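Visitor: Walk me through this one. Keep it brisk.

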Amino acid sequence: MNVISAKIGQPVSRIDGFAKVTGQAKYAAEPHPPGLLYGVIVNSLIARGRIEAIHDEAARAVPGVIEVMTHHNRPHTALFEKSYVDGLGVPGSPYRPLHDAEIRFNGQPVAVVFAETFEAAREAAMLIQVDYERWPHNADFDAALYQKYMPSKTRSNYVPPKTRGNASEAYALNPIKIEGRFHLAPEHHNPMEMHATTVIPEEDGTLTVWDKTQGPQAVQTYLASALSLSGKKVRVRNPYVGGAFGSGLRAQHNVFLAALGAEMLKRPVRVTLTRPQMFTHVFRPEAVMDIALAADRDGTLQSIIVEGVTDTSRFEHNMENLVIWGLIGYKCPNATADYKIAPRDTYTSSDMRAPGAATGVNLFEMAIDELAWACRMDPLAFRRHNYSDIDAMHNMPFTSNALREALLLGAERFGWNERPLAPRSLRDGKELIGWGMATGIWDAMFSPTSARARLTSDGRLHIATAASDIGTGTYTILVQTASEAFSMPIDRIDIELGDSTLPECPTEGGSWTAASAGAAVWLACQSLCEQFLKLLKKNKNTPDWMKQDEITVAEGELHGVRNGSPVALSLQDALSFIGQDSIEAEETAKPGLRGKISEMRKARFTHSAVFCEVRVDEDLGIVRVTRLVNAVAAGRIMNPKTAASQVRGAMVMATGMALHEESLMDERYGRFMNHNFAEYHVPSHADIPEMDVLFVDEKDKEISPLGVKGVGEIGMCGTAAAIANAIFHATGKRHRNLPIMSGA
Amino acid sequence: MRNFSYSRPGTFDEACRVTEHTRFLAGGTNLIDLMKSDVERPAHVTDLKSLSMNQIEELPDGGLRLGALATNADTSAHPLVIRHFPVLASAILAGASPQIRNVATNGGNLNQRTRCHYFYDPDMVCNKRSPGTGCSARGGRNRIMAVLGTSEACIATFPSDMCVALAALNATVNLHGPKGERSVALRDYHRLPGEAPWIDNVLQPGEIVTSIDLPSVSFGEHYTYLKIRDRLSFAFSIVSVAVGLEMESGLIRRGYLALGGVGTKPWCVPEAEALMKDKPPSHSLFRDVAERILEGAVVDRDNAAKLKLAPRVIERALWQAAEGTPQSQTCKTIR
């Protein structure tokens, strides 16, 4: 391996790629301990009511069935509701699986069958009959809107919108305006790997829990709390995660039920969800945004009014930062926004890739495009004219913001200046061609994170933190970071992630892992290196040249000066002087006082500029996305290969949001009906063109210790709007509902 | 998974001996899926793969016989199919994915079941799955459901692409059963749901599709298979059209047309096809044809868009065929 190409900023291929493509990487459903029992969940048929009786005689008669666990016979769990609050901290009354007879949503687990084989468990699960007392329910979003409310306790990450000026007056007074209701259908995360848990009771009385999660420590805390176990009794592992997109932020019911089953039966237990069952828990909320915008005759934005609603369950108050994005990004003097949530009898909606912004930015950028056209201005020129160089809602400067550079770079790559202003100007045969653009914005977050670095007598560096690599490339960038921080070739670095016993790391999400875990690894490696050199200098046994200030570690060797000439020694040999098998350092990266002051005074965001070409067969309503360019300003890019892959993946997902993805709720039953990949359409290869992902140079020493912002979500924000706006430019027709389906 | 017994007979007579709860297995791309979903619950599975039915051979009159066990992939790639029946190759390639077509068989394609959400979800009432329980698709999320040939009891669409081309080609289905052999026109093979939607087709107990005969046609380049779906690949059709035109000196001597995605079976209206006889292609003619085909359509909660879209797809497909510019299944621009 080329040593030089392994540092931060180099396009290193995934170090876990080989293990993944050869099947050596083990996922949550893959450990196979002796005596493993298979658990299959039985889901409720109704959306609201009470279980009157569960008939499990036929199920119990299936050979191989060990137990049918229901609310009647489950082991004891925590008494208090608050013990079931998970790491995401959604206010309300958390769902407690198999707690009692009450049904709160369609698909709610009502029983789990445990059997010696998966087939027996599944057959038995199919034989279980449940009698219900049905209560009236509402699963219709439009009806739920009449019950919209603002919860008294909000989610901790909720950012309330701040009003400035007088938006309704400015709306009335200004000559050019648009207003309308914009809508996004509910979506499901649908990672490739379905949620699964394998729980192994160990000989020492502890439970090892292999779970598909984005936060092993959050699941560990949740399980210990909800099952009233000692925290030390539970170890959660998730070394490999086959995508999650936010579905693994909360401890899902499979992990609770698997652990409960293992406690009950004192045997290893595995619970896996089927694809249809993946539609019985979290989803991106359905959303409406009523947006009114006004500009003066110069095309200067004078009024922004946004009222947005997303759905939640009847028992928890899930919230998103839906309505703030336009108020932050545009320097409009009069702006106001309002946000509420609407309850329906479903499971609680939850965070899905760029929660709030994927919906709020895209719908707002569709509205901005309408206003730009109402002003007869080029949409890029309109944005550059109205774009704010500070966070206009909080009146705070950005730590950095290279959006203007991103707009220029993206426009140049796309060839935007060739674009005719009027819609319906471009045509090729039977197809109308349209060019659209939008800007994206997403938080650049940093969370306190710890990491450990250890140098062992074989000369290898071992890195460990409880971060999760959900398929994003975290293993790779952390090894690159360690390689640079310690100056060690990457083939001599081992890394361990995804284990609750490792140094503390927050749940992976919000695009903060690269910045936060990266900083922790950097600090730990630097600290280790300092400690190593100090030990060498102090030690009685080391030769004189090692006691001098000139010694350094470089490319995995100790370098110094002896008798005026350079000298190098292997780390193994150097370590042997100290007489220790290994040395270790653990450090926590946190904002510090300066960082906290900076957080109060400066806004922290990632930005992007997305350009799109579509071709539309107008007669048949067929949209083809034929070009996508995304210029991203996200601080320092740790690995352009994995980073571009993140952005491209999000652009595919955003294409789905624009054109394909919709979970179809049958309100009569409160059930999402297209609960499989044949009918829930994610984009196919044919739907995705070549995508250009460009990174703008953005130096930012304030944002995080390594100047990193994170790129997991920014690709969602703006891309769907760019597609919708391109469809307008092609056809002259506005669509305010996403997805825009064929034939529409 | 429920337990079932399994056999792989070597002769037709053996294979035809069935009980009420026997299901025939060919490629398995649909049956296995349905068994996993607890929709099909066979007590016995008879695997047909040892029977010799995978040939594709020319018939004396210039037609073609497609073995029931020939895979969709092999059929669509067969030189005789490509040369003489390109509309069939095109329709096959418009369906599913390469992986599925590599395994799925021609006989299985005829006997695949609907993709109705409510049929696929055993928790929902469905007359097609559980006779007499009712239809939950009516009044539900039925964007993908049929607008033609529906009944009070069922509005499920028949999902095949291949069968739409076979219907346009007036193919014949050859059967082997306990009472011997018989042949049925493809257009009569699938049933309307009526009051018994659980019976998809005219197969009698124990009858096996052995082959499909294609009569000789002379469409030249005047054919197309045009499929509109919710993404550009690997989705069932919202509306699809198979067309073949016998053209001579600018006139349509005879026109053949079948619709997919909109009916409870591949949808053909001979009176609409007859409208084209000896006429030059024209907008008004094609509009009339479309109107005639869609006569009697009934929409439900979510599927009115199909009815709006269908005439446009029919007209476009007829123009593609008339102009000799059949739709490509790889280039996604619609011609």
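Guide: Buried means under 20% relative accessible area, exposed over 50%, and partly exposed in between (1.4 Å probe, protein chains only). This is a predicted model: local features need pLDDT of at least 70, side-chain atom pairs count only at pLDDT 80 or more, and totals for chains, interfaces and linings use all residues. Residues are numbered from 1 along each chain as its sequence is written, chains are lettered from A and ligands numbered from 1 in the order written, and side-chain values use heavy atoms, without hydrogens and water.

Visitor: Is Cys717(A) buried or exposed?
Guide: Take the relative accessible area of Cys717(A), which is 0%. The cut-off for buried is under 20%. So Cys717(A) is buried.

Visitor: How many disulfides does the structure hold?
Guide: A disulfide needs two cysteine sulfur atoms within 2.5 Å. The sulfur of Cys529(A) is 8.9 Å from the closest one, in Cys525(A), so that is too far for a bond. For Cys717(A), the nearest cysteine sulfur is that of Cys612(A), 16 Å away. Over all chains the count of disulfides is zero.

Visitor: How much area do chain B and chain A bury between them?
Guide: Buried area is the accessible area (1.4 Å probe) that two parts lose on being put together, summed over both. Carbon and sulfur atoms carry 54% of it. The total is about 3600 Å².

Visitor: How many salt bridges does the rule find across the interface of chain B and chain A?
Guide: The rule wants a side-chain nitrogen of Lys or Arg within 4 Å of a carboxyl oxygen of Asp or Glu. Arg671(A) and Asp123(B) meet in a salt bridge, N to O, at 3.0 Å. Across the interface, the number of salt bridges is five.
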